[in-house]
Amino acid sequence: MKKKLFGNTTGLRNTLIKRIENLYALNTAPEYISDPELARLLVELSHAIRRQIGLLINRNGKVVSVIVGDAQRIVIPVISEYRALPGNLKGLRLVHTHLKNDPLTRDDLTDLALLRLDYMTAICINTLGEPENIYSAHILPDEDSAPYQILDPCTIQELDIDCLAQILALESELAKKNSLYKPESGRENAFLINATTANPEEAWASMDELKDLCKTSSINVIGTSVQRRKTIDSKFVVGKGKLSSLVIQAIQKYATLLVFDRELSSSQIRSITDFVEIKVIDRTQLILDIFAKQAKSREGKFQVELAQMEYLLPRLITKNTAMSRLTGGIGGRGPGETKLEINRRRVRERINRLKKEILKIRKQRRQQKSRRKRKDLPIISIVGYTNAGKSTLLNTLTQSNIVTANRLFATLDPSSRRLRFPKDTEVIITDTVGFIKNLPKELMEAFHATLEELSDANIILHVIDISNPRYQQQKDSVEKILKNLKIDTIPMIYVFNKIDRINLDSFDNKWLLNHGVPVCATKRKTLRPLVEKLESMVTL
């Protein structure tokens, strides 16, 4: 079967194209960077067409890809069957020509580090069309040094460097280093990236929250970067050059995942995943992934899956590296349809089925709600930022055992309990899903009916983790969501939780504390003022 030439063959004569294609038939002995005769032929052809030519050669010495570039550079194609896993190299080396006696370029070294190539070699051509200096470089395993080592130039007679043995020794050293950083089974090592055009302090606060989200999702954070920019790059967020250096840093730290602290557009996902081989997700995907793990009820699972599908549909692309945490078993191929078209069709079908299932469950809930209304019990709804202590407060007030944990989104499914006040007044008290800054719109839409039930509340308890340095931003985020739901007119009590973790005397906003009830949700005796205030409001 005829093998494909990659790159720029426009304007080349058929005879030259045929000769370049014949490079596929030539092999290199494992101890050579390149067979000397193959190198001479590469130089001859490159000089004839005045374009760079490159060969990707595997460890058996077989030419896997032949690439034609322009006078300055070549573009390395995606070779899906060769992937550089953490602690390994790609299993391919690139041998290519430079039309002048120039050393390895920045692009060459970036490709070496980004793609984890075994070797990067440039054969320079003099004005007579003969091979001149040959420059090579390889990856370095030490994360504290430069990501690569550039070797002294050699000649075409010095290509026997025991190449395969050197590659295997280097990979063995990389594997040893990787074993020190390798995460537990089922976990990832992530490098987090934030790009901002606003205040860097806000960006770092957002980065701290992203770290908490990673912790909840059992992801190890091994590095972070906040980039201040005039504008966000429409393709690479932080710009192609900066992304290259950040990804090289991430790889040196043995990261298996890049997490962007923003929602990536479909074009950004495509550009970034075409450019890097490491897995890529954004903040929205991370939150959706957490919701998927935490949802316990049938409705909760359906709502989260619907949000995932709605997020996925406009981002379905042929290269699905960024979708790996969401796509599951979607895919397949049928007669007359591409895999991408089938993916989209199946996602749409699944979205329609999920919407129907959710409607059925909501109909049942409306019936339950009408029975509750007939009993005419007042409803108190607890809202707040995720991990503010809402479920803990409900447990302590009603002596219940709803699951609680010191992590984001520990509970997703709404819980309702009865609360009897000292004067025998009864109320229904409900706990809702926690909020977060920039809650993905897909989740807002999927959980809209659940959140809409807040409109039935007679009183809203807004729980605020007063020990969190970002308590004001969290309070504002919750109130913004309540306003969007048009329920900001319902009587509200601020519940300042976790007062045991702060010094009330030196607290920075005593005025705010005077407009709510300070509590420690784990200590029942601190809730007495809150219970009294609730009872007085209910019995008015």
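Q: Is the crossing of H5 and H8 left-handed or right-handed?
A: In this predicted model, the crossing of H5 and H8 is left-handed. The term applies when the near helix is turned anticlockwise from the far one by less than a right angle. The axes of H5 (residues 200-216) and H8 (residues 283-294) cross at roughly 35 degrees.

Q: What describes the packing of H5 and H8, and within how many Å do the axes come?
A: Two packed helices are described by the angle and the distance between their axes. Here the axes come within 10 Å.

Q: Which residues make the contact of H5 with H8?
A: Contact requires heavy atoms within 4.5 Å. From H5 come Ser 206, Glu 209, Leu 210, Leu 213, Cys 214 and Thr 216. From H8 come Arg 283, Leu 286, Ile 287 and Ile 290. By class, the contact has 6 nonpolar, 2 polar and 2 charged residues. Cys counts as nonpolar and Arg as charged.

Q: What makes helix H3 mostly covered?
A: A residue is buried under 20% relative accessible area. In H3 (residues 106-115), 8 of the 10 residues are buried, so the helix is called mostly covered. Among them are Asp 108, Asp 111 and Leu 115.

Q: What covers the buried residues of H3?
A: The cover includes strands S4 (92-98), S5 (120-125), S6 (131-139) and S7 (148-150). Helices H6 (240-252) and H7 (266-275) also contribute.

Q: What follows H3?
A: Arg 116 follows, with a positive phi near 60 degrees.

Q: How many of the 540 residues of the protein count as buried?
A: The share is 53%.

Key:
Residues numbered from 1 in each chain as written. Predicted model: local features only at pLDDT ≥ 70, side-chain atom pairs only at ≥ 80, totals over all residues. Heavy atoms only, no water. Buried < 20%, exposed > 50% of the residue type's maximum accessible area, 1.4 Å probe, protein only. Helix = DSSP H or I, 4+ residues; strand = E, 2+ residues; numbered from the N terminus. Axes fitted to C-alpha atoms, helices over the stretch in contact; angles between N-to-C directions.
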